[in-house]
Amino acid sequence: MIQNKKYPWIVVALLWVVALLNYMDRQMLSTMKPAMQINIQELQSATNFGYLMAIFLWIYGFMSPISGLIADRLNRKWLIVGSLFVWSAITFAMGFAKTFDQLYWLRAGMGVSEALYIPAGLSLIADYHTAKTRSLAVGIHMTGLYMGQALGGFGATIAAEYSWQNAFISFGLIGIVYSVVLILFLHEKPAALPDTAKAVAQDAAKAQSTTKSFNRESLFKVFATLFSNISFWVILFYFAVPSLPGWGVKNWLPTLFSENLGIDMSKAGPLSTITIAASSFLGVIFGGVLSDKWVQKNIRGRVYTSAIGLAMTIPALLFIGLGNSIIHLVGAVFFFGFGYGMFDANNMPILCQFISAKHRATAYGLMNMIGVFAGAFITKLLGKSSDAGSLGKDFAMMAIVVVAALALQLTVLKPKHNDFIEA
């Protein structure tokens, strides 16, 4: 099956569902607060609910580079299967939670297990796809994240129709069953197996070699290789900066719509989230196709495609922050989502042009950590802006830092190959 020419796309299809479950399971909690606080009184406190959301972000962020290191050393199929099974089991267990403390520690465990997926999943897709299809493959996978985010918003609907306990139990069971599907149909790319993993597969007596790969010296060499590469520093910066408005839009766009348009949150929520999800969906597909074609003619095609996407978010942020009509806001959000999707589809493919295959999961894990921490920072800052009545103005101000990231990206990122190979 691995030899089938269609199998690289089968991998994308299999992991698309995992990506959907990854975002859906984490997002459901945010929409089911009203239903849950009836049974768990501590959730009536916004501060306590904030703690519950924050613990996931902090642990997810800290775990991201560690998960990347693990993915670069172990069989990624089993890492993905294990990650999905554990976070699905945690989702299932949340349906039986009776206290705030139980929810808190389950949410922390979800941060660990979900962090293990993204670096492993994206590096596996990158290995299966050549430069001709890599951006499109990553882009299609990213649509799974957007779809999961959108479906997670219906958690409140399910909770109202049945119960919040049944919502967690049902989606947890779906993930557990799907992990069995992955066991049957998902395969590691043979050529991408690290030497230690091959040795273990060939001779169980040499299993100690896996442990040796985690010694301090090898880890030091990995980080030294990455951080001695100036291009990687630039990639980290230009990934982190757009994460500021990216997370700001995820967490505060419904509030901004409600305040600027003077409409109820029940209308502002769906209008904002559907617009951003649909436009991002289109953006990653368009950005993936354009990048894959452009890079065949110009080695900087992926950088240019990503830059066009970032450039689109700049005027969009200005109109999102300062617009006060439904046409201005919906149009700006669509423009932002489309551009952000183009940017999103090319992060891993650009990374492949500067970082060797054996370090890509680690590198993306570091990027993911920086992005999540940027999200935690901007979420808190925009909360204060909302209380101060300056949410729209501060949204518009984020356009300035995006301009700086765009300039640095175009100035410094000059790849020489579609796939970086260490000398």
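The legends below describe close-up views of a predicted model.

Residues are numbered from 1 along each chain as its sequence is written. Local features need pLDDT of at least 70 and side-chain atom pairs pLDDT 80 or more, while totals for chains, interfaces and linings use all residues, and side-chain values use heavy atoms, without hydrogens and water.

**View A. Confidence along the chain.** The mean pLDDT of the chain is 84, and 90% of the residues score at least 70; pLDDT is the predictor's confidence in each residue, from 0 to 100. Helices are DSSP runs (H or I, at least four residues), numbered from the N terminus. Over residues 195-217 pLDDT stays under 50. Where pLDDT is low, the predicted coordinates should not be read in detail.

**View B. The salt bridge between Glu188 and Arg76.** These two side chains meet at 2.7 Å, N to O. A salt bridge is a side-chain nitrogen of Lys or Arg within 4 Å of a carboxyl oxygen of Asp or Glu. Glu188 lies in the loop between α9 and α10 and Arg76 in helix α4, so the pair ties together parts 112 residues apart in sequence. Both residues are buried (under 20% relative accessible area; exposed is over 50%, and partly exposed is in between, with a 1.4 Å probe and protein chains only).

View C. Arg360 forms a salt bridge with Asp127, with 3.7 Å between the closest N and O atoms. This pair links helix α18 (residues 360-388), which holds Arg360, to helix α6 (residues 117-128), which holds Asp127. Arg360 also pairs with Asp419, at 3.3 Å between the closest N and O atoms. Asp419 lies in the segment after α19, so this second pair ties together parts 59 residues apart in sequence. Arg360 is buried at 3% relative accessible area, whereas Asp419 is partly exposed at 27%. Salt bridges that share partners join Arg76, Asp127, Arg134, Glu188, Arg360 and Asp419 into one network.

**View D. The surroundings of Ala307.** Ala307 lies in helix α15 (residues 301-322) and is buried, at 6% relative accessibility. Beyond its neighbours within four places in sequence, Ala307 is in contact with Leu406, Gln409 and Leu410; contact means heavy atoms within 4.5 Å.

Key:
Helices (H or I, at least four residues) and strands (E, at least two) are DSSP runs, numbered from the N terminus.
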